[in-house]
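Please read them with the structure open beside you.

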Amino acid sequence: MLTLARILIVAGLILVGVPYMLVGIGMVMGTMGMNDLFQMTQTIVIGILIGGLYALIGIGMTLIMGVMGIINLAHGQILMTSMYVTFVSFKYFGLDPYVSILISMPCLFLVALFIGRYLLDPLIGRESILPENQVLMTVGIGLCLTEIMRFIFTSNYQSVRTSYANKAYYIGSVSFNYPLTIAFFIALMLTVGLFVFLMKTDIGRAIRATAQDKEAATLMGIPQRKITFSTYALGSALDAAAGSLLLPVYYLFPDLGGPFTLKAFVITILGGLGSTVGAILGGLTLGVYESLGATFISMGYKDAVGMVIFLLVLTFMPGGLKRVTKI
Amino acid sequence: MGPIFVFILAAVLPLVVNHDYYQHLMILVLIWVVIGSSWNLLAGYTGQVSFGHAAFFGIGAYTAGILNTKLALSPWWGMAFGGFTAIILGVLIGYLCFRLRGPYFALATLASGEILRLIANNWTDFTEGMVGILIMQTFVSKLPYYYIILCIAAGCIGVIYLAMNSKLGYYFVSIREDQDAAASLGINTTLYKNVSLMISSFFTGTAGAFYMNYMGFIDPSVVFSLHHISIQAILVGIIGGVATLWGPAIGALVMVGIQELFRTAVFGLAPKWVSQGHALAFGLLVVLTILYLSNGLVGDWPKIKKVLFRKAPQETS
């Protein structure tokens, strides 16, 4: 209970407290007015909605990092591939993107299983000059995925026009973007599902055990390699879900993956390595602060917010939010 | 003897192949030799894998460009100053990032490169933003450019050779192998990491300034690009062989060669769709190299020789 309270307090402080405090300072200094106060609510709402999707991406990456110990630099590219799969099912089979999650998740799960088993597994424990061989392999994989998609679909921008794409519903004067809200709730359900999986099922416990202590887990009879590439596939499946959910609000092109890999990384570092709760908090934080940056600084510097957060966390709080929330 | 022969060969080559397109390819190869070798010094020899070398390339290029647009200096002054601005940037990035190890360092450099790209994109008063900088090229023929970059590349490899064969080389490798053990022996690891970074950034910055002079046009998405500069530098190093002197040079040759081979559909011999897959071919090559030749083409040359010349009789001793 204490942990939950601590998490909620920290979340509340970061997501709501600090932004309003900044507005308060602005109002005291005279540069901001009541208008900005209302704008702040809307900004935070949009930030949390999109933060939910970011959190899903971040959870995928932190799972992979916790168990495999490698940075999956192909994360954004898997997202992009899932978006293409969803696009194809929308264009050729008329399936709504939210329904296509049921297609893209298994698809990418299998692709990631293949990648983990045949490309990443041989590199574990292999002697080489640079220890970062696996990370560099994920760079190569990401490059290949991008180029395969470019080969099939060319570099043209694609988009998906759903009937509800531009609708929004209002609570008071705050608008909730329809596609983003649905995406947020689906992401929420997936996250809850993941938690149940990790806490209650045997495989979930095996994954958590491997993340905590690989050798001890092996001694307990947990098959190392199977769990390792199953986790890679699981993380990628979550990523794929986020991709399907993001398709209605993003233009799709092969080079989409890069910025998302960076975002996933910022979220993982912010939340603390291997911490799923941290990834959720990190995702929401990144969403809110990007939104703040876009509204109050400029659209162009939106991506810079993530980079600045990243460097700040690395410099001042290397353990990430895990240090504060202790989970 | 070997390197001098290679240098003479490289010097004579553009006179023999007197075609603009091939000379352009050779200049590109040489630019990547410089960038790849610089990255290799920092990453392969000193063990600090940087994902943000585009920062140094870009700042060299922008130094040349901005000196031209703002101060009306010839962009060749940028060649002299580009390296030094890159060193200053390098010291700054080193100060921020060297406290981190391994993958964290890699990502911190990645973030630095991206921040610089975003600054260059948005600080339109200073850098012209996304419009980029356009200058008049000094020479019409490609030959002078070729010889300049050849000298830079030779200088780069020469300096790396001298550094690695001196005590500096031992310091670098000791930091790569075990930083804490090196520190416990009394080696000032921060100082030597910075020295490595300064040499690396100097040459990358000079290559950037050269790029500005040669291409005549730069913009943030080209010179500060994560995918086209930073990651390509890493891939060039990996394919050629990290921690070898000639690895990145071979890697540059392979990278440009394979991509051009596919882009021209094997010079017109293969079907048209092959040209769509030029980057894919390179990507597949990278994956296969990491899987089977983890020390690169040069580093794993004994392994390649063993496979190619398998028929040679083995003497049992």
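1. Residues are numbered from 1 along each chain as its sequence is written, and chains are lettered from A and ligands numbered from 1 in the order in which they are written.

2. The predictor gives the complex an ipTM of 0.83 and a pTM of 0.86. Chain B has a mean pLDDT of 86, with 97% of its residues at 70 or more, where pLDDT is the predictor's confidence in each residue, from 0 to 100. Where pLDDT is low, the predicted coordinates should not be read in detail.

3. The contact between the chains takes 31 residues from chain A and 35 residues from chain B, two residues being in contact if their C-beta atoms, placed from the backbone, lie within 7 Å. On the side of chain B that touches chain A, two or more residues come from each of α5 (102-122), α12 (226-240) and α15 (278-292) of chain B, and the largest share, twelve residues, is that of α5(B).

4. Helix α13 (residues 247-263) of chain B has 17 residues and reaches 24 Å from its first C-alpha to its last, close to the 24 Å expected at 1.5 Å a residue, the expected span being 1.5 Å times one less than the number of residues. What covers the buried residues of α13(B) includes α2 (20-45), α12, α15 and α16 (296-299) of chain B.

5. In chain A, strands β1 (residues 168-171) and β2 (residues 174-177) pair in the antiparallel sense over four bridges, pairing being assigned if DSSP finds at least two bridges between two strands. They form a hairpin with two residues between them, and Gly172(A) in the turn has a positive phi of about 65°.

6. Which residue in the loop between α12 and α13 of chain B deserves a look? Ala243(B) lies there, with a positive phi near 60° although the residue is not glycine. Ala243(B) is buried, with 23 other C-beta atoms within 10 Å (buried means 20 or more other C-beta atoms within 10 Å of the residue's own, exposed 12 or fewer, and partly exposed in between, with C-beta atoms placed from the backbone).

Methods
Predicted model: local features only at pLDDT ≥ 70, side-chain atom pairs only at ≥ 80, totals over all residues.
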